[in-house]
Amino acid sequence: MPTGSEFLNDNPKSSFLFCGNFGEGKTSVAITFHKIFYIGFRQGGLSVLKKPGNERYQKNLIHYEELCPKSDEELKAMFMPDGKKGLIYQYITKAKQMAEKGEVETLVVDDSSDWSNNMVKYIWTFEPKVVNGAPDTQSMYGTLARYQSNILDQDLLTFRRYGNFIMTTHLMRESEQTIEGTKTRAGAVDKMSNLLPDIVGGLRREMQRKFENVIYLEAKLQSDGKTKKYIGYTEKQVAIGTVIQCKNVLGLSPIIENPSYETLFNQPKGGK
């Protein structure tokens, strides 16, 4: 167990949830971190490394695994949560082993929206629940919530012992009915915010509180209609058409331009 002094003097380690729609810069920020073990849930996710101007970040990629099932057999091999036999658990364990040896410093999971969709397919295909001849969707959603929460809490976020953990996610807007609630379902606590991680099931409401840093990303088109300015929102504020639930423990200003490892960790507290 590290002492208080060791904790305070250790290299920067934190957990990050980068949120945004496609093309907003989630993976582009992730690749600026050092010594990356990358687990991708979408094909071509790392093609951004070949984008002009990003060649300098290619040295950051130490290990790459892709989990994009093309058959039911590959889908089954991907998860198998009983006994943690699936490939995803094997890859996370490998990342921790490499981190212990100093070979990697960052675990990137890109992205959680595809991870969640594939887990739904896995449960509906291999662990269906049936009551009176009909699918018991309530029970299956309960299984989904348990599996997703367990892998995030027990396996992924525990990488924080070794280095930085990054997860990316797309965003979705909740319906007004979901925000307000119904007679049988509680509404949102903050009814001014309708933007949440695009995750199937109840985890999307809980996910943001599990991370130390929740940063929303936006690529703003400039006046020429072509150039983009990449923005990171790091604190709760009005942006992207709603109140966004951001937070950080790094002392960042509420809005930062061109977010990267350097701007996140080397920015003076309260800086711009």
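Author: Before we start, contact here means heavy atoms within 4.5 Å. Also, this is a predicted model.

Reader: Which residues does Thr143 touch, not counting those up to four places away in sequence?

Author: Thr143 is found in helix α6. Leaving out residues up to four places away in sequence, its partners are Ile123, Glu127 and Lys129.

Reader: And is Thr143 buried or exposed?

Author: Buried means under 20% relative accessible area. Thr143 has 3% relative accessibility, so it counts as buried.

Reader: What does Leu152 contact, leaving aside its neighbours within four places in sequence?

Author: Once its neighbours within four places are set aside, you're left with Leu157, Phe165, Met167, Leu203, Met207, Lys210 and Phe211.

Reader: Are α4 and α6 roughly parallel or roughly antiparallel?

Author: The two helices pack at an angle of about 20°, with their axes 11 Å apart. Angles under 35 degrees count as roughly parallel. So α4 and α6 are roughly parallel.

Reader: How many nonpolar residues are in the contact of α4 with α6?

Author: From α4 come Ile88, Tyr89, Ile92 and Lys96, and they meet Ile151, Gln154, Asp155 and Leu156 in α6. By class, that contact has 1 polar residue and 2 charged ones, and the nonpolar count is 5.

Notes
Residues are numbered from 1 along each chain as its sequence is written. This is a predicted model: local features need pLDDT of at least 70, side-chain atom pairs count only at pLDDT 80 or more; totals for chains, interfaces and linings use all residues. Side-chain values use heavy atoms; hydrogens and water are left out. Axes are lines fitted to C-alpha atoms, for helices over the stretch in contact, and angles run from 0 to 180 degrees between N-to-C directions. Helices (H or I, at least four residues) and strands (E, at least two) are DSSP runs, numbered from the N terminus. Angles under 35 degrees count as roughly parallel, over 145 as roughly antiparallel, 65 to 115 as roughly perpendicular and the rest as oblique. Ala, Val, Leu, Ile, Met, Phe, Trp, Tyr, Cys and Pro count as nonpolar, Asp, Glu, Lys and Arg as charged, and the others, Gly among them, as polar. Buried means under 20% relative accessible area, exposed over 50%, partly exposed in between (1.4 Å probe, protein chains only).
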